[in-house]
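Me: I'd like to learn how to read salt bridges in a model. Please take me through some cases.

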Amino acid sequence: MPGRLRGDFFGGLTAGIVALPLALAFGVASGAGAAAGLYGAIVLGFVAAVLGGTRMQISGPTGPMTVVFASALAVVGADLGVAMAAVLVGGLVQIGLGLLRAGGLVRFIPYPVVSGFMSGIGVIILLLQSAPLLGAAPLSSPLAAVLGLPGVIAQFNGEALLLGFLTLVIVFRTPMVISRVVPAPLLALIAMTGLAVGAGLAVPVIGDIPRGLPALVLPEFTLETWTTVLLLGITLGLLGSIDSLLTSLVADSITRTRHHSNRELIGQGIGNMLCAFVGGLPGAGATMRTVVNIKSGGRGRMSGVVHALFLLALLLGLGPLAERIPLAVLAGILIKVGVDILDYRMLRLVRTAPRADVAVMTAVFVLTVLVDLIVAVGAGVVLSMMLIIHQLSRQSSFRVRPLPRAAEEVAAGERAAADLESGIRVIEIDGAFFFGSASQLLDRVDQVIGTRVAVFDCSRVPFMDLSAQFALEEMIERLNALSIAVRVVVPPAILAQLLRLRAPQLPADILRDDLQGALAEARRLIDLPA
């Protein structure tokens, strides 16, 4: 078996084993039943692997999508047909976003946000798997795992801990020469499950797995429910898109590759649409399962296909082979994944990196662990934008000075006195002129009062937004009310922008793209020698 295909096979198989208990748990939590989680993992996992834009991504039901779907099912009175209509709309929304090329926006997420997100996920995995590692029941959230530690210790199962410990030894210490043939996670899974079954250990296992193909479900739209279906569908579509693209960024960061965002959205959308017709739980790119796949050798689309086909095989009758897998063994495998996903590159730079970047990473990390993945990324992006706006506004400068000395003047002292008495002032604006810096312009109005001509020198302004244009208009309006003539010098691109604006206070007769010409014109207005 070629190396790439072998890696995809073992990666997909390991990801499928990890995905099985999660899919069943999400299905139960959603209210649609364990089978719904399995159906969603199979359909979405297969379609997104074939049609998506991230080759090694594993897709299926996720925590955020399950929460929203559970809310939708409750809102529509547990009517599965109406709830699946919302899933159908969500898939259409994702396809629409992909066709509109909205997926490219994910590339503007700063690296500290991705770093905090990755490290936060790693810590979440470590916290959530601590209970199964000790033989206790899994807990629902990282905070619950911390607060419930005394209860977990009280439920301590020595046999489960032994299996988990041996699993950790295998996944951390297996020589690379062996891992290239059989990935360490799969080796641990087979060996420890065999030990548990052979020794008759009394440890928690995956348990019963649903069997049989799903029945056809027809999404239902009615006049009474269409607004509810639309709103829930849009929510599912947006959430699924964000969830998937964030997972794609994590996969890119680990493998040093680049995904195709818009293709990923279209693949996810088609997969979720098909889930609606089989009663499957909607989902997205699953970060933990994707990382498991990558760490087990998966690098291509075949890994996602293997993951889906493995779950399908269990559904068609091979379930008994997986029902006796100990949860402590899965916990050991996932703990290795959690350790590996921590962003050590950024963590090593915490003391030397810019404070703003460290603050963003820390905020995203804390929110990821304690609140929610999507909230964390949203807050991180907003915080990064605010810091960038602050830096840009500090780099912008506004200065009012007299008319510069003419080259032909001989007596410098005489020219300086003439400058002060000439009645001409130049308002220099240097740097970005936008909503974050526009207010500084209005603070300079007192420095221009008493002059006869004001020249706004914006020749070194790289861009000007609408807020800046309005601030400039307000300043000009004040000066005109004081009978002060105005000329505005801007680069050619901004000049064309202002001419298209057709603002009353920015007519074409005061706009120039040549500073020296504007200064000469100012001199003529008050009869000074050029």
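Reply: Start with Arg-460 and Asp-430. They form a salt bridge, with the closest N and O atoms 3.7 Å apart. The term means a side-chain nitrogen of Lys or Arg within 4 Å of a carboxyl oxygen of Asp or Glu. This is a predicted model: local features need pLDDT of at least 70, side-chain atom pairs count only at pLDDT 80 or more, and totals for chains, interfaces and linings use all residues. Residues are numbered from 1 along each chain as its sequence is written, and side-chain values use heavy atoms, leaving out hydrogens and water.

Me: Where do Arg-460 and Asp-430 sit in the chain?

Reply: Arg-460 is in strand β5 (residues 453–460) and Asp-430 is in strand β4, 30 residues apart. Strands are DSSP runs of E, at least two residues; helices are runs of H or I, at least four; both are numbered from the N terminus.

Me: Is Arg-460 buried, exposed or partly exposed?

Reply: Buried means under 20% relative accessible area, exposed over 50%, partly exposed in between (1.4 Å probe, protein chains only). Arg-460 is partly exposed at 39%. Asp-430 is partly exposed too, at 30%.
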